[in-house]
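Here is a short briefing to read alongside the coordinates. Keep the structure open as you go.

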Amino acid sequence: MTDAFQPRSDFLRVMQERGFVHQCSDLSGLDDKARSGTLAGYIGFDCTAPSLHVGNLVSIMMLHWLQETGGKPIALMGGGTTMVGDPSGKDESRKLLSLGDIDANKAGIRKAFARFMRFGDGKHDAVMPDNADWLAKLNYIEFLRDVGRHFSVNRMLAMDSVRLRLEREHELTFLEFNYMCLQAYDFTELNKRYGVTLQMGGSDQWGNIVTGIDLGRRMGLEQLYALTTPLITMASGAKMGKTAAGAIWLDETMLAPYDYWQFWRNADDAEVGRFLRLFTLLPLDEIRRLESLPGAEINEAKKILANEATALLHGPAAAEAAAETARQTFEEGELADSLPTVDVPGSEFDVGLGALTAFVRAGLVASTGEARRQIRGGGLRINDATLGDEKALITREALKSGGVVKLSLGRKKHVLLRAV
């Protein structure tokens with residue numbers, strides 16, 4: 001969005017001020033549609049894992065703000081498109097999942113949305129349809145005749161998701177080539193069912209989304225719109241949601257609220273303002289104050305970021321507990337009960353549990369080889385004492401109150417081993 005464009009709708013104003021906008025197919029037209037109070041927009045979420053991760057959070061927040069500014073959000077479950085696989089941004093085909101796996105993943109994904117938007121039957125209530133409801137029933141010959149004739153293969157071959165795979169001489173299956181046709185058809189189907197005129201998504205989805213706009217025009221539908229977000233990366237350049245320790249999941253059974261809190265607390269200084277705008281509901285004036293804090297005071301802004309982001313997903317109580325755990329662990333040096341805990345048979349401490357094995361069991365390192373490398377760099381600690389001996393054993397003498405021993409990777413990753 002250019003600085004010259006001044007939106008009159010609350011929706012585009014919020015999108016602009018908080019940094020959500022990368023590309024828009026028609027700013028003026030979308031602005032007018034939003035001001036009319038009849039804007040319904042959707043984002044699709046394929047069911048490739050049992051939970052969404054923090055990289056999906058920017059999309060969820062867009063739906064949240066759409067509802068808060070008077071629009072109707074549609075969180076589309078990709079039960080049908082997951083069976084095909086989106087080639088966007090990938091060099092190889094996605095692993096095909098069974099119908100049972102897709103249904104299980106879909107059930108897990110749905111849980112993440114409840115805290116971010118209101119669902120129901122009202123005009124502005126969110127809904128969560130599944131594109132399998134119409135895609136699975138398509139007759140192939142009829143689809144080719146009635147819908148497929150509107151697609152230009154020349155244009156499809158020019159799209160980044162296809163062109164880059166072909167230039168790198170990586171195989172692109174006919175199945176994947178059809179993905180953009182199905183996504184475009186979703187757009188038109190949602191327009192007919194829910195009056196959807198806006199599709200949002202990451203910048204890598206631009207080609208797929210504008211294909212849907214073109215399909216809607218060729219099928220005689222009302223004007224459709226596209227709005228994409230910038231690619232959200234960390235200061236390190238890593239893609240949002242991907243860390244050395246694994247994905248930052250939005251399901252508390254896959255990632256504890258404390259670890260989720262720590263992810264935000266560990267944000268780079270340069271990321272704080274942007275993340276506060278994108279991933280919290282704090283007023284912009286407060287965000288500007290926080291991001292301008294000098295020197296070490298920026299750490300207070302990071303704590304607020306962690307508290308606000310965690311409260312949004314897991315609730316205020318979980319955020320407060322995580323903050324208190326961090327305070328006790330880092331500021332008072334205590335062993336907080338809510339640190340991630342792994343149970344270990346007490347008999348192993350009787351004979352002596354190998355330190356390398358202990359760190360692998362705790363999930364702090366992936367292998368004993370990685371543990372050895374961390375030891376050489378002074379990165380591992382047992383009860384806050386640096387581990388220097390690869391052959392060290394952890395015995396019952398190391399257990400603190402409650403029968404636990406604290407293992408640490410660096411200054412910010414801690415796990416308790418508990419004798420049971």
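This is a predicted model: local features need pLDDT of at least 70, side-chain atom pairs count only at pLDDT 80 or more; totals for chains, interfaces and linings use all residues.

Helix 3 covers residues 57–68. Eleven of its twelve residues are buried, so helix 3 is largely enclosed by the rest of the structure. Across the whole structure there are 25 salt bridges.

**Helix 3**
- At 1.5 Å a residue, helix 3 should span 16 Å, and its end C-alpha atoms are 16 Å apart, which agrees.
- Its buried residues include W65, H64 and Q67.

**Packing of helix 1 on helix 3**
- The axes of helix 1 (residues 10–17) and helix 3 come within 9 Å and cross at roughly 145°.
- The crossing is right-handed.
- Helix 1 contributes F11, V14 and M15 to the contact; helix 3 contributes M62, W65 and L66.
- Six of the contact residues are nonpolar, with no polar and no charged ones.

**Salt bridges**
- D10, R13 and E17 form a linked network of salt bridges.
- E222 pairs with K33, with 3.7 Å between the closest N and O atoms. The partners are 189 residues apart: K33 sits in helix 2, E222 in the loop between helix 11 and strand 5. E222 is partly exposed, at 37% relative accessible area.
- E348 and R361 meet at 3.1 Å, N to O. This pair links helix 17 with helix 18. E348 is partly exposed at 23%, and R361 is partly exposed at 35%.
- K406 bridges to D384 at 3.0 Å. K406 lies in strand 13 and D384 in the loop between strands 10 and 11, so the pair ties together parts 22 residues apart in sequence. K406 is buried at 1%, whereas D384 is partly exposed at 38%.

Technical notes. Residues are numbered from 1 along each chain as its sequence is written. Side-chain values use heavy atoms; hydrogens and water are left out. Helices (H or I, at least four residues) and strands (E, at least two) are DSSP runs, numbered from the N terminus. The expected span of a helix is 1.5 Å times one less than its number of residues. Buried means under 20% relative accessible area, exposed over 50%, partly exposed in between (1.4 Å probe, protein chains only). Axes are lines fitted to C-alpha atoms, for helices over the stretch in contact, and angles run from 0 to 180 degrees between N-to-C directions. A crossing is left-handed if the near helix is turned anticlockwise from the far one by less than a right angle, and right-handed if clockwise. Contact means heavy atoms within 4.5 Å. Ala, Val, Leu, Ile, Met, Phe, Trp, Tyr, Cys and Pro count as nonpolar, Asp, Glu, Lys and Arg as charged, and the others, Gly among them, as polar. A salt bridge is a side-chain nitrogen of Lys or Arg within 4 Å of a carboxyl oxygen of Asp or Glu.
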